[in-house]
Amino acid sequence: MAQKKGVRVSEDADELSHVPLQAVLLADSFAQKFRPITMERPKVLLPLVNIPMIDYSLAWLESAGVEEVFVFCCAHSKQIIDYLDKSEWLSYPKFSVNTIESHDSVSAGDALRLVYERNVIHGDFVLISGDTVSNMSLTQALQDHKDRKKKDSNAIMTMVIKKSKPSSLTHQTRLGNDELVMAIDPNTKELLYYEDKVDSADGVVTLDKGFLLDNPALKVHNDKEDCYIDICSPEVLSLFTDNFDYQHLRRHFVKGLLVDDIMGYKIFTHEIHSSYAARVDNFRSYDTISKDIIQRWTYPLVPDIQFSGNLPIKLERQGVYKGSDLQLSRSAQLGPFTLVGSGTSIGDSCKISNSVIGEGCSIGSNVSIEGSYIWDHVTIQDGCQLNHALVCDGVVIKSGAVLEPGVVLSYKVVVGPQFPVPAYAKVSLLPQPTNEDSDDELEYADSGSGILDITSLNSTLEVPNAELSRSSDSAEVGVSEVGYIWSVCEGGHEEEWRHSVAPVPANKIAELRKDPVEPDTPKLEVLPAAGTRPDDETSDSDNDPATDDPCDFDKEVEATFLRAVHEGVDQDHVIIEVNSLRLSYNMASLDCAGAIFWSVMKLALETPHDTKGELLNNAVSVITTWRDLLRHYLQSIDEEIEIIMKFEEMCLESAKDFAPMFATVCNIKS
């Protein structure tokens with residue numbers, strides 16, 4: 001990075017230098033989520049924007065003041081250890097990276113029990129997975145954890161959370177995870193309830209009334225995101241050892257502690273606002289976090305900052321990153337938020353936007369690439385079309401081939417000429433394994449888990465363009481070409497679009513909007529202490545405005561704003577009406593800020609204009625006219641971040657004309 005031996009996220013981290021802080025990094029967590037592309041390479045080494053993913057986790061830990069990291073590796077231990085041995089991390093001052101290897105652990109619980117047996121943790125420690133990207137400072141979270149521990153020895157864990165953007169349609173966060181419901185004491189920040197598998201059939205979260213007797217104050221949230229960054233006391237490790245039924249960190253350990261009235265252990269939360277923290281555990285989160293990195297939400301962990309020996313990348317206008325020795329035809333077009341690695345060549349009349357191209361790639365002429373991830377040493381011949389796809393190292397895509405949205409091509413697959421790879425297809429060199437473990441049961445993959453052994457695979461790869469036999473449930477990708485399209489398990493087709501790098505299809509959105517059964521937000525039910533509902537009890541929750549679609553709130557705010565525009569309503573009166581809507585829909589001030597800004601910018605877009613300059617003038621005029629209204633809802637950094645993210649969403653989806661002037665509009669003084 002900018003400093004050869006580490007980058008400081010915050011100077012506050014220096015205050016921790018006198019405290020020996022340790023961390024446990026679970027390197028193999030959720031490796032199976034990326035099957036089939038991880039058969040030949042561990043997920044921990046996936047090149048997230050040309051940098052191995054584990055380097056993001058280690059860079060953040062070093063910058064946050066952690067002095068000793070224990071990397072627990074299981075499924076791909078040899079590759080992880082070899083990579084770390086050759087990396088620069090072992091030479092960093094005051095930063096020790098150690099590995100703990102196990103071939104028998106199949107869960108996070110097994111891993112933490114082994115860490116406890118090794119007796120290497122001697123105080124409070126940070127627990128993360130090897131797919132974590134963050135730039136937050138640990139100073140305040142650590143201090144809060146220690147202060148609570150002094151007052152209450154049962155306060156053994158602090159979970160880092162942040163506000164998410166759940167979709168009312170897909171019931172997921174922007175990272176592709178199921179929406180999370182949490183109950184938190186608003187005064188102490190103690191976690192009281194945690195449910196990450198809300199029943200989508202009725203969208204109801206049920207709490208026993210007895211739960212409320214001991215907790216007179218609580219807030220129920222479905223707008224929080226679990227960052228999977230935990231500050232733990234040593235008791236956490238001993239609890240895993242004492243309770244062998246604790247396997248999953250959240251499903252077993254966290255939920256188990258919340259309902260355990262005997263031990264009395266407590267979990268607290270620490271919410272971050274302006275910092276970034278997220279983890280990659282499916283393709284949608286891979287896509288989202290990669291875009292966040294390119295758009296610099298993760299600064300200083302951004303592509304043009306050198307660390308871990310990566311080749312230099314130069315940042316140019318409109319978020320375009322270019323590596324060294326790039327051969328770019330003059331007629332080729334690189335759109336906004338695109339990264340092209342070193343040593344890559346791009347031919348005539350190519351159009352590439354919102355994509356990542358790795359190092360040493362060869363791209364022919366008249367190639368169209370939109371929203372895709374092309375890893376290293378990939379060959380794409382003339383006339384190919386790639387739409388929101390992921391292509392691993394060494395793949396060859398021959399002339400005229402088309403990759404539909406959501407396609408994943410594993411290492412060294414060869415796609416034949418003019419061959420259309422269907423949407424959401426996953427293609428690998430090897431036939432699909434007949435026995436695979438459930439992703440819901442395992443957090444790690446061992447040698448018998450369906451992740452194929454690396455040595456057996458290498459022997460297959462030694463035969464160039466090997467013609468593989470066709471299996472009954474696989475299809476080849478073109479005549480005499482190399483690769484098998486893996487079949488989706490029963491019922492899996494419906495979920496492919498939820499966890500893909502491709503945007504949610506318009507037809508799916510239309511279906512969900514028309515579905516009268518599926519609710520828009522989870523509802524809260526409180527049952528009697530005995531756990532049964534009286535026969536004569538009725539509920540009018542269906543008529544509660546708080547259960548309405550958040551999109552309805554945005555539409556109501558927009559209608560109020562447009563009425564003010566056309567009828568000359570005073571801005572103070574608009575504020576009163578918007579606040580009334582906020583209360584009736586049970587929304588936060590942040591939601592008002594985003595909805596108002598959305599309405600203002602939509603008015604600018606719909607005002608007649610012929611050129612980009614006229615559109616910019618429209619934006620300046622509208623923002624200036626309604627500056628008092630905007631200022632009222634921009635009282636804190638949270639509101640400012642909210643409208644920037646709202647504007648970013650408009651630029652990427654509904655109002656792409658604003659994308660080239662994103663920075664200019666953000667700098668308009670209101």
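This is a predicted model: local features need pLDDT of at least 70, side-chain atom pairs count only at pLDDT 80 or more; totals for chains, interfaces and linings use all residues.
Biologist: What makes the contact of H6 with H7 nonpolar?

Modeller: Val236, Leu239 and Phe240 in H6 meet Leu249, Phe253 and Leu257 in H7. Val, Leu and Phe count as nonpolar, so the tally comes out as 6 nonpolar, no polar and no charged.

Biologist: OK, on to H2. How do you know that its buried residues line one face of the helix?

Modeller: For helix H2 (residues 77-86), the buried ones are Ser77, Ile80, Ile81 and Leu84. Seen down the axis of H2, they fall within an arc of 95 degrees, so one face it is. On the other side of H2 sit Lys78 and Lys86, both exposed, meaning over 50% relative accessible area.

Biologist: And what do the buried residues of H2 pack against?

Modeller: Helix H1 (53-63), strand S4 (68-73) and strand S5 (96-101).

Biologist: What makes S18 and S33 edge strands?

Modeller: The open sheet runs S18-S21-S24-S27-S30-S33, with parallel pairing. Strand S18 (327-328) and strand S33 (414-415) each have a single partner strand, so one side of each is left without a neighbour in the sheet.

Biologist: How do you know that S21 and S24 pair?

Modeller: Pairing takes at least two bridges, and strand S21 (residues 345-346) and strand S24 (residues 362-363) have 2 bridges, in the parallel sense. Ile346 stands opposite Ile363 in S24.

Methods
Residues are numbered from 1 along each chain as its sequence is written. Side-chain values use heavy atoms; hydrogens and water are left out. Buried means under 20% relative accessible area, exposed over 50%, partly exposed in between (1.4 Å probe, protein chains only). Helices (H or I, at least four residues) and strands (E, at least two) are DSSP runs, numbered from the N terminus. The arc is that of the directions from the helix axis to the C-beta atoms. Contact means heavy atoms within 4.5 Å.
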